[in-house]
Amino acid sequence: MKQLKYILLIVLFITGFTNNIIAQKGVTATEISGTVYESSTKKPLAGAKVSIPGVTSAITGEDGKFKLLKSIKGAYLVIDAPGFASKTITAINNTKEVAVFLYEESFKGNNEEAAMPFGTINSLSSTAAMAAHQNKEDYKLCAPTIETVLQGNFSGLNTVSRTGAPGAGANMFIHGFSSLNATCQPLIIVDGVQYENQTTYSLIGGNNISALSDIDVKDIDNISVLKNGASIYGSKAANGVIIINTIQAKDPSTRINFFAYTGVNLEPTNKYKMMDASDYKSYLTDMLSSGGLTSSQIQSLSFINTTKPVVENWGISGNKDYYRYNQSTNWQDEVFNNSLNQNYHLNVTGGNDAALYAISFGYLGQGGLVDKTNFSKYTTRVNAKIKMTEWFKLNTNMSFIYSDRNLAYEGLDKNFSPVYAALVKAPFTAPNIYNVAGEKTPNLESVDPLGVSNPTAIINNSTAKNQRSRFTGNLNALLNINKFLDASVLIGITSDKTSEKIFLPMAGVSHAALPNATVTNESQQLRNSFSQINADAHLTYARTFNYAHKINANLGTHFQSSSSELDWGKAYNSSSDEMKTLGDGDASLAQTGGSLGDWKSLSTYLNADYSYLNRYFLSVNAALDGSSRFGKDAAGFKMLNGKFGLFPSIDAGWLISSEGFMKDQHFFDVLKLRSGFSITGNDDIGNYSAKNYYTSEGLLGIYGLVRGNVSNSQLQWETNKKGFIGIDISLLKERLNISTDLYLSRTENLYNQKTVATSTGIGYASYNDGTLENKGIDLTVNARIIDKPNFKWDITTNISTYKNKLLAMSNDETFTTISGGTVRTKVGSPIAQFYGYKADGVYSTAAEATSANLKMQNADGSLVAFGAGDVKFVDQSINGVKDGIINEKDMVVIGDPNPDFIGSINNKFQWRQFSLTTLFTYSLGNDVYNAERASLESMSNLDNQTVYAVNRWKTDGQITNTPKATYGDPMGNSRFSSRWIEDGSYIRLKSLTLGYDLKVKSEVFKSVQFYVTGNNLITFTKYLGYDPEFSTGSSPLSYGIDSGVTPQSRSILFGVKIGL
Amino acid sequence: MKISKKITIVIISLVLISFSACNDILDTTVKEAVESSNNFNNTYDADNAIWGLYGKVSNLAENVVVLNELRADLIDVAPNATVDQIKINNHTEDASNKYCDPSLFYEVILNANDIMYNFNKMLKDKKISEAEYGPRYSDVMAVRCWAYLQLGIQFKEIPYVTDPLESVAALNDSTNFPKVTIDQLIPQLISDMESVPSLAINTLSAYYGKTITTNGKPFYLNMQFINKHIILGDLYLWNDQYVASATQYKAYMDEADATASKTQMKNKVSTWVWVNGTNEPRFQICYQRYKDQDISSYRNMWKEIFSRSSADAGTSSNIGLQDEMIWMISYSGATGSVSPFIKLFANSGQGEYQLKPSAYAIDSLWETQVQQSNGFVFDGRGRESSFDNINGSPVVLKYLYDYYDINSTDDNSTKHLNYLSITNQYTKAGKWFLYRAALLHLRYAEAANRAGYPRLAYALLNNGIKGNFDWKKANGDYRSDKEGVQYSSFAPTNDTDPARPYPAPFYLDARQNDAPYTYLRSPWRDNGGVRGRAFLNNITTPAYVHDGIGDDHNDSIQWIEQSLIKEAALECGFEGQRWGDLLRVARRNSKEGKGAVATIMNNAIAHKFNAAKKAAPSLNESNLFLPMKK
């Protein structure tokens, strides 16, 4: 660490030295005059303040004119007027007369303030590839989680809701996928402190929950997405950075905002069309008979037999279960329901000269589509800025959030998932038992004779609760050392706890057997705690020389220590469904488990931003990062008994429109070129992969120790190298703004768990192996189409495209099986392509099948010919030869989950006090493997199928695209093939909001806004599943695989915001 | 509040620098596992490591049994066999076959290598004394040699790994994975075993001599550990070093004789006359005294070898099973300690009935044996012992004694299982029998036969030492005890001189004399021979072998050898020895010009397919050994 001390000394020396020799002035007596107009009326605007901050200022007169007597070469003119968006323009050399058009406050122009790692920056001066967002109107989205805000507002950020489960949140991918096995999720910085957002392990099948979802939208002040130039965060920044700042008091005056909304979630309309009772019975009979049952055996089954029961003197004749199995139930209707949402939020900002505070409280109650699921959260936040002395300030941010989710199992689980059980459940059964007289009883049905749980019983009798709490507290001391030098010391504490409580009853719910027992009921609990300490100290040197050379530099060090603990327990077979604790189960079946994690990192970083005449910008960032996860022999610098990686970046910007030669053109308001190159890392390589350790191995209940791994002492971070070129253009008096970024990134040293030779005695070892490339374009256009005093129309569109390609890996091809599908990752191809058989219809006749002469190879090597009613799988020619056998050699790429384009279209209309906004999001050209449909149309078992199965092949010559139904599907007609790959493109009206600003002239109320919002109202898609927008796992390998997710709800909500 | 700016700056500077002050700031310790620096610090760690190694060994049961039995002739595929099993049975497997994956064996080997590496380091660092080191190190080496021998008899080319593979750099170094064939492997393993500091039992282990209770059952741990003499004896036998081999086997047998006052000697395959209510025959098939013509007095205690628990003291003060069992691994039935054999063999409960006894084993081996005196034609070690008909299908029963409930004990105290009753079908307790006395006797006999002592082999195989070395006088009378008979010896040259004993390691003393002259209780006095203990007639020898068994005619020796291997099938069938036995002898015969090894083996396994009326596969040089999954 000696190096750091030297660097520190050198910086201190240089700053002291330059203080003494540079003291020239760049202020000239050049006059600048001009006129400020209101854009919508084109009339001059009086009372606007025009200034060169710190130098001179003027107020416009009735004619909108101003005159500044002094000027600085290249200085920014800042124009502010109450009710209008602040505007910054460059005073181009020798410009005498400028015309400035101001737009109303909510206008999104090209020079907003954007949050950066070290404070905010005017986007005119920014060199990074980034997107910024001010949270002004987001409350109108009525979004239960803040990921919704991230959707549609940031180009290059692909935010995909995980599922429609309440409070499920979203996965986020910036610029494609920069890793295969390490995380692809961006680093999140909240109020200057890293916010760990990994999804926590959940016992509730199919659910992934991360901490970010618990933050309340209305606690957010602004968000920036740094797609590049984040080297300051070194080994954690390879997936980009999202900077979130929470509410702050802007001035001491007391402001109170009260928010409330309530509304309804609507049942999905695009349900699967399952067979009805009579179609299903016919299907079931076919299936049972192909399973080897004789027709008399089938007729004797209680759910087939159609003899009505008659109560005789001696008992019951006929089928006593007739009425139980001759109902007609639409099971999807039984599990989905409309539900209510409500939200109340209060925030107060204010203070005095010495202290500013922002306090908020919130409650959210969000209903789920699946009956009895919901999400509620309670949020509190206190942010304060305290001025201790003129040179010493303390900032604190504290928040405590508690959330409670009542969830349902997701996925293809007919025991526990109410939705999937509803799909496959026999429609002739009913939720309640019908007695021999045909009367409905209040008792719920138990598991049916086909082994499917009663969805209503799952909903009513089971518990699947997830409770989370997170405390974050930061204390930041800011010290002004001298005119140019500041110091900051920050300590941040995060404590995050998750607990889960699950009870799956015996009544009505089917259970898989344990290896050592049959299961009647099960109780499960989980505790997960995570804590993190962040300590950061840095020096900031900010100075402008001659009003021309502006330097802002930060040098600091950041230490992070994290630990996590997971404990879970499962108990089985308690004596009653009323006995739900872990202790009530059979002790010999109890299972426990867990894990402990511990990781630390130390980063020393430098950031230096330099600009000349506000025209040329240069930004240099570098971090020297060490981590407890890196191997002792990793590449990098040896320091502190460990290895450190260097992550530098350089970005440059050129504001061409401020050049002297541009002063006579009026086409470009802003023309800026940006470019940069950065190296960042991904340290998600496992806490202990670089260390040798021993795990326990039991024999007769005594545990010995055996080798746990073969460590890789050279294991290092993944290295992401990324270059970009960007252009920002403003035209037509800033009414048309275009920003585009072109990037090329390569992740080298991909973290990989590779299968090693069997003779090593260890299954896998961790390696850095492989290179992944992503390239793409982001384009944002925002335009004010109509700009009339009473009517305004803005459009903002984002469009992004990326292509990824695996450039190198020692295993040329790797295959991963997910939900019955195979994804292939091959060198030279995009990652995670769907890899399976190509299907080409169904053999209509035996003659057709004979002439095709294709055979299938059974696992034992025997060959069976495909016949009439089987799927025509394409026999690929290998080296020009078709071998006539359908086997794994005939598997080809049948789909690519990567979209061609993703983006959003945001329209905003304003008419008097009314506003109407629509947000469309879209994903085009992506394929989806619909594993749920593959299972609902497999026609291989007794589960109910979609109506597609009605059309199944039955007789020779029948022309159909549905193969025959055979129990067990011996010919593999339902194998992973192009039958299950669908076009997952969609355009969704994510939100539509109609707002009304009440004009208030009250002592009490400062503002009142009413609005009504519709979410997910319309989705245009050909996708056959519930919902084309889902992201069950954050791994790129599971992208685009629909393994049965709850759809997102359509909701209509009414809200109000009252400012006091 | 007055705050000094300078002091504040100094404090903040100190904070800044203090981040970088301590060198171990980035150190973390693995909490969910034991970091290598915290292991191998004392003998407790050493014993824990050995216990973990045996935990890994216990995972090998399925592979060892399937490879050695299904590839050979005693086990066939049952209706629910997996594709991999069918291919193994038909010798059409490829490297992707589950049973061609040697990973589990190499897990044992990796851990053994790691332990030995660390034991050496501990010795160097004085964390362990020479005395503590020796038996433990040798134990681990023996396990590794056993695992390699198992690989060697199955696979074509075996990477012979001795490096502890501490980091992935070692994985990429091909010199750590030299490939050997069985011909190179066996001498290597012999030199490995010869180099160990001690061949004695590792009584230092924290677990030796202990009985532990788990899942409500007691387990006696002495039979848990490999015996070094025996593994070395086996290796010599594979290498055709017969005297060396017999020496090791004999050394093991002598160890058990240390306490000579015992009434029942260990590992002597004993028999004695059973009088109802007075003495208990142990592990013996017999009839009540004087009732051997009456099937209702039939008594099968032999199967108790498989039904008794390791901790069962029987009627004696010592652990009963130790008289027979040498190496056995128990599964308690609790989660994580599950017998793999229930899934493989049982056809009820949680069994999947993947494998079954071959028709050949039943019809041509067990059901053709002739019993002593009464001439009943069946082998008590077969029906209701090694196999039985359950629900109308033949089932390998040897491993299922802990699964089914005991139905009843008949009048003769023979226990019977109730196949319809399983107390808890999910409690899959069981045992894996790796080595026991009868096998040891047959192996020792195999060595003795080839070393020039076929009579000794004949005695151990058939009806014991006493009966076969009770030389007669010229007049046909038996010589009296005190004249030096009833021990393994060359035939006396005259009627007066004692017979000249066989030299060590072939000298076995079976003398017993109560009165009036000498009280003699020699260790081998109760040895009844492997067939004798099963109440079977001696094998009938062809003329060229003749009763004398002294003939060292090659064909005679080979004939005896074949008889020993066949007897091993009858005695130890399904116990995971068969393929190795056939291969070892086939290699020997091949060297003696009896054809290619593959051809000899092909002829041997053809019996199974012929008896099952299936087409026999062709075993040749290319599939005699398995391809190894890389």
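By class, how many nonpolar, polar and charged residues does the lining of the second largest cavity have? There are 9 nonpolar, 18 polar and 2 charged residues in that lining, where Ala, Val, Leu, Ile, Met, Phe, Trp, Tyr, Cys and Pro count as nonpolar, Asp, Glu, Lys and Arg as charged, and the others, Gly among them, as polar.

Before we go on, a word on the model and its labels. This is a predicted model, in which local features need pLDDT of at least 70 and side-chain atom pairs count only at pLDDT 80 or more, while totals for chains, interfaces and linings use all residues; side-chain values use heavy atoms, with hydrogens and water left out. Residues are numbered from 1 along each chain as its sequence is written, and chains are lettered from A and ligands numbered from 1 in the order in which they are written.

Back to the cavity. On a 1 Å grid over the protein atoms alone, a cavity is a set of points where a 1.4 Å probe fits but cannot get out, and lining residues have an atom within 4 Å of a point. Of its 29 lining residues, Pro144(A), Thr148(A), Gln366(A), Asn1016(A) and Gln1048(A) lie nearest the centre. Helix H2 (147–150) and strand E24 (355–367) of chain A are among the elements that each supply at least two lining residues; helices (H or I, at least four residues) and strands (E, at least two) are DSSP runs, numbered from the N terminus.

Now turn to where the chains meet. Here 71 residues of chain A are in contact (heavy atoms within 4.5 Å) with 76 residues of chain B. The two chains bury about 6,300 Å² between them, 66% of it on carbon and sulfur atoms, counted as the accessible area (1.4 Å probe) that two parts lose on being put together, summed over both. In chain A, Tyr694(A), Leu700(A) and Thr758(A) lose the most area to chain B, together 13% of what that side buries.

Between chain A and chain B the count is 3 salt bridges, each a side-chain nitrogen of Lys or Arg within 4 Å of a carboxyl oxygen of Asp or Glu. Arg707(A) and Asp114(B) meet in a salt bridge at 2.7 Å, N to O.

Within chain A, Arg381(A) forms a salt bridge with Asp191(A), at 3.8 Å between the closest N and O atoms. Arg381(A) lies in strand E25 (residues 374–389) and Asp191(A) in the loop between strand E16 (187–190) and strand E17 (193–194) of chain A, so the pair ties together parts that are 190 residues apart in sequence.

How values were computed
On a 1 Å grid over the protein atoms alone, a cavity is a set of points where a 1.4 Å probe fits but cannot get out, and a pocket is an open set with protein on both sides within 12 Å along at least five of seven lines; lining residues have an atom within 4 Å of a point.
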